[in-house]
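Subject: Structure handover

Hello,

Here is the structure I promised to pass on. Please open it first, then read my notes below.

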Amino acid sequence: MAILLGSIADDYTGASDLANTLTKNGLRTVQTVGIPDPSLALPDVDAVVVSLKIRSVPASDAVTAASSAERWLRQRGAGHVLYKICSTFDSTDAGNIGPVTEALSDAAGGGVVLVTPAFPETGRTVYLGHLFVGGQPLNESPLKDHPLNPMHDANLVRVLTRQSRNAVGLVDLTAIAAGAGAVKARLDALRTAGVTAVIADAIFERDLETLGEVALETPVSTGASGLGLGLARALVRSGRISSDGATTADAIRPVGGLSAIVAGSCSKATLHQIDVAERSMPVLRLDPERLLAGPDEIAAAISWAGDRISAGPVVIAASAAPETVSRLQSLHGREASGHAIETATSIITAELVERGVRRLVVAGGETSGAAVDRLAIPAFLIGPEIAPGVPVLRTVGNAQGDMLLALKSGNFGGEDFFTAALAMMH
Ligand SMILES: Nc1ncnc2c1ncn2[C@@H]1O[C@H](COP(=O)(O)OP(=O)(O)O)[C@@H](O)[C@H]1O
Ligand SMILES: O=C(O)[C@@H](O)C(=O)COP(=O)(O)O
């Protein structure tokens, strides 16, 4: 299998978001969970998105994992590797966007890396290096309260500089609006000045098309689904995609079984989606203190679900509002509480699958990563889009048999996302 575009995603929801965008823009795409075992039969594709869970791990671990994935992708022919980060630039001063970007660039021989989290379809735009989420600067958006990566600075040149060894520059909208030639000239000037990564503005898809065209001539870029769109369209325009385009219908052949929703995202969007779901299906809100205290809360949740799930889908949620999250974190620490809750929700998910769930929605990036790892799912085919950034996924090579999943980024989806997702899974 020779591929044209490789991607390394820093979390699993982000990987499915990117795979969805690449598919919608004409690339046959598969999402793997880590580097797949050589025995796994993957379909013939144009693009592979390797999902890693490296957004919130020590930077050195993230660099090691991303570097192995990069080597694997290059060995399979990838001329360009996109490091897929969150459209809200989720990271801390310790990383991991800067360290991974620099490591991937070094491995590919250096140069300047284009970096942009812009994803206009979901309201993420970058202007003069500042990230806006909907109408708000990043630091005023709900991301200021993220449980693991609270974002307090919208100036991404500053944010990335704090995480990088080398200088970070800006390619502003004026250069991008002037076209690929102007962007390349700006990159040349910045390279001469010692810059190795640039934040690129982008407001409209046409800006991302320009950036995709420029990025495709370089070995590495860093960005969200918007840059994926630009790269995919540039590849299609280049005439290098030999297939008739990507199809998604086969991925949603019915799998039967029971259905469930597990939520660990504490984003404003997910909290509202849970409230809305409560009008039409049973919802269990886990007690985070009890989850951290021992296995009883997990056992109680499994028993609660067992009593109801044969009658229809249920929701089990650890998700809580910012005040509750802060209280828990002040008692147990930010990372320890996040990790313990992810472990708990992943155990509950695996028990639900053990009891016959084959159609599963997981809300939250880290939450999805923990759940998919516990289920040991090796890869996914990409089905149709449920909401911008969230496709239906079909497992490949799964020990429990075929399943349909939706891995929902915390911030994505309309208020009826859970019912909309299950309506597409049979
Ligand atoms: N009630 C809670 N208190 C503290 N942390 C929580 C709670 N519920 C979930 N979490 C943690 O918050 C984090 C949410 O991150 P994630 O799953 O990536 O969601 P998102 O997609 O919104 O970023 C996870 O580590 C999860 O375990
Ligand atoms: O780019 C995005 O916003 C998403 O693809 C993504 O990475 C979301 O991360 P989580 O909100 O942690 O799921």
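How far apart do the C-alpha centres of domain 1 and domain 2 lie? They lie 26 Å apart. Please keep in mind that this is a predicted model.

**Domains**

The protein chain is divided into domain 1, residues 5-237, and domain 2, residues 250-423. Across the boundary, 30 residues of domain 1 are in contact with 30 residues of domain 2. On the domain 1 side, helix H1 and strand E2 (29-33) each give two or more residues. H1 supplies the largest share of that side, nine residues. By class, the domain 1 side divides into 10 nonpolar, 12 polar and eight charged residues.

**Ligands**

Start with ligand 1. It has 23 residues around it, and Ser265, Gly338, Ile341, Gly364 and Gly410 come nearest. Helix H12 (322-332), helix H13 (334-354) and helix H14 (365-375) are the elements that give two or more residues to this shell. H13 gives the largest share, four residues. The shell around ligand 1 holds nine nonpolar, 12 polar and two charged residues.

Now ligand 2. Its shell has 16 residues, and the closest are Gly14, Asp17, Ser87, Gly365 and Ser409. Helix H1 (residues 12-24) gives the largest share of this shell, three residues. The classes here are three nonpolar, 11 polar and two charged. Both domains take part: domain 1 and domain 2 each give at least three residues to the shell around ligand 2.

**Strand E2**

Look at E2 next. Five of its five residues are buried, so E2 is largely enclosed by the rest of the structure. In a regular strand, side chains alternate between the two faces of the sheet. Both faces of E2 are covered. Thr29, Gln31 and Val33 are buried on one side, and Val30 and Thr32 are buried on the other.

E2 pairs with strand E3 (residues 47-51) through five bridges, and the two run parallel. E2 is also joined to strand E16 (residues 379-387), by three bridges, and this pair runs antiparallel.

**A three-stranded sheet**

E6, E7 and E8 form an open sheet in the order E6-E7-E8, with antiparallel pairing. Which strands stand at the edges? They are E6 (124-127) and E8 (136-137). Each has a single partner strand, so one side of each is left without a neighbour in the sheet. Strand E7 (residues 130-133) is joined to E8 by two bridges. Phenylalanine 132 has proline 137 in E8 as its bridge partner.

**The core**

In soluble globular proteins, nonpolar side chains tend to be buried together. The largest nonpolar core here has 129 residues. Ala66 and Val198 touch the most other members. This core draws at least three residues from each of domain 1 and domain 2.

Which residues is valine 198 in contact with, leaving aside its neighbours within four places in sequence? They are Val112, Leu114, Val115, Val168, Gly169, Leu170, Val171, Leu187 and Leu190.

**Loop residues to look at**

Alanine 78 sits in the loop between helix H2 (59-75) and strand E4 (80-84). Is alanine 78 buried or exposed? With 20 other C-beta atoms within 10 Å, alanine 78 is buried. Not counting residues up to four places away in sequence, alanine 78 touches Ile3, Leu5, Gly6 and Leu73. Isoleucine 3 is 75 residues from alanine 78 in sequence, yet the two are 5.4 Å apart in space, C-alpha to C-alpha.

Most residues other than glycine have a negative phi, and most peptide bonds are trans.

- Phenylalanine 89 has a positive phi, near 55°. It is found in the loop between E4 and helix H3 and counts as buried, with 25 C-beta neighbours inside 10 Å.
- Alanine 376 also has a positive phi, about 55°. It lies in the loop between H14 and E16. Alanine 376 is exposed, with 12 other C-beta atoms within 10 Å.
- A cis peptide bond joins glycine 95 and asparagine 96, with omega at about 5°. Asparagine 96 has its place in the loop between E4 and H3 (97-107).

Best wishes

Notes: Residues numbered from 1 in each chain as written. Chains lettered and ligands numbered in written order. Predicted model: local features only at pLDDT ≥ 70, side-chain atom pairs only at ≥ 80, totals over all residues. Near = placed C-beta within 6 Å. Nonpolar A, V, L, I, M, F, W, Y, C, P; charged D, E, K, R; others polar. Domains from an automatic or database assignment. Pairing = 2+ DSSP bridges. Core = buried A, V, L, I, M, F, W, Y, C linked by C-beta atoms within 7 Å. Contact = placed C-beta atoms within 7 Å.
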